[in-house]
Amino acid sequence: MYLNPIPAFSDNYLWLLHDGKRAVVVDPGDAEPVMRALQEYELQLESILVTHHHPDHTGGVDTLRNATGAQVFGPARERIPEPLIRLAEGDTVQALGLEFRVIDVPGHTAGHIAFYTPDMDGRPLLFCGDTLFSGGCGRLFEGTPAQMLASLDKLAALPGNTRVCCTHEYTMSNLRFALAVEPDNLELIGYHAQCASLRNDGRPTLPTSIAQELLINPFLRTRQATVKAAAQAFDPAAHDDNTLFAAIRQWKNEFK
Ligand code: ZN
Ligand code: FE
């Protein structure tokens with residue numbers, strides 16, 4: 001199997017998974033670069049997976065469906081270009097001989113879903129849309145901090161070696177914030193250097209892994225003493241899981 005992030009717009013990745021013949025694309029905000037990749041590698045697009053309704057994740061769906069006849073799978077609770085197979089927590093999707101499990105991850109949007117498969121060439125694989133980023137998480141456009149924390153907790157509980165395919169290259173700016181939260185986190189300092197060198201070579205920092213994010217991502221670390229203390233320095237009223245998470249999210253929103 002081949003897993004390729006197709007760059008689109010200024011910082012999106014449209015993830016293409018294929019076996020040399022058949023392909024799946026996740027969150028195709030733009031059809032054009034996907035069509036080019038399908039032609040270049042002579043692939044038949046079998047399925048389109050959509051995590052949430054934002055245009056940078058759905059803009060290419062109609063064009064790709066019309067051009068290839070691919071089936072579209074998306075969140076049950078959001079408005080996505082029809083026809084579409086509507087999915088919620090516990091549903092499964094068969095594609096390329098893999099079984100993807102649907103996980104509800106509300107927060108960035110109200111009906112956001114993620115796709116997880118336990119074994120793609122020997123390791124788990126997650127498509128998480130705009131819920132989890134390397135070093136960060138999505139903005140709370142439609143959900144509450146408590147919802148987003150519960151969603152991130154579900155993703156954090158997946159096996160550590162899960163490859164995490166995020167849909168934006170936000171890593172460097174996220175890590176700049178993460179270093180403000182945890183300036184003495186040695187894992188974070190090392191990961192920042194590693195990602196900086198990837199970006200200098202024009203390469204993606206993704207996929208990341210759950211194990212990596214547990215070590216460096218402040219939004220998965222709000223229960224750690226270091227992150228908790230930093231959150232309370234920003235907002236002295238923060239005291240429990242949800243308010244500490246909300247403080248970190250608010251601090252990131254204001255961070256320059
Ligand atoms: Zn989005
Ligand atoms: Fe997005």
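Which helices each supply at least two residues of the lining of the largest pocket?

**Entry 1: ground rules.** I am working with a predicted model, where local features need pLDDT of at least 70, side-chain atom pairs count only at pLDDT 80 or more, and totals for chains, interfaces and linings use all residues. Residues are numbered from 1 along each chain as written, chains are lettered from A and ligands numbered from 1 in written order, and side-chain values use heavy atoms, without hydrogens and water.

**Entry 2: the pocket.** I answered my opening question: helix H2 (55-58), helix H5 (171-181) and helix H9 (241-254) do. Helices (H or I, at least four residues) and strands (E, at least two) are DSSP runs, numbered from the N terminus. A pocket is an open set of points on a 1 Å grid over the protein atoms alone, where a 1.4 Å probe fits, with protein on both sides within 12 Å along at least five of seven lines; lining residues have an atom within 4 Å of a point. I read off a volume of about 310 Å³ for the largest pocket. A volume is the space filled by probe spheres set on the points, which are joined across faces, edges and corners. I found 20 lining residues, with Arg-139, Tyr-170, Asn-174, Arg-249 and Lys-252 nearest the centre.

**Entry 3: one sheet.** I looked up an open sheet of six strands, in the order S1-S2-S3-S4-S5-S6, with mixed pairing. Two strands pair if DSSP finds at least two bridges between them. Strand S1 (2-8) and strand S6 (85-87) are at the edges with a single partner strand each, so one side of each has no neighbour in the sheet. I noted five bridges between strand S3 (residues 22-26) and strand S4 (residues 44-49), which pair in the parallel sense. Val-25 has Ile-48 in S4 as its bridge partner.

**Entry 4: another sheet.** I also found an open sheet of six strands in the order S7-S8-S9-S10-S13-S14, again with mixed pairing. Its edge strands are S7 (92-95) and S14 (208-209), each pairing on one side only. Strand S9 (residues 113-120) runs antiparallel to strand S10 (residues 123-129), and four bridges join them. I saw Met-120 opposite Arg-123 in S10.

**Entry 5: the whole chain.** I counted nine helices and 14 strands in the chain. Its C-alpha atoms fill a box of roughly 55 × 40 × 35 Å along the principal axes.
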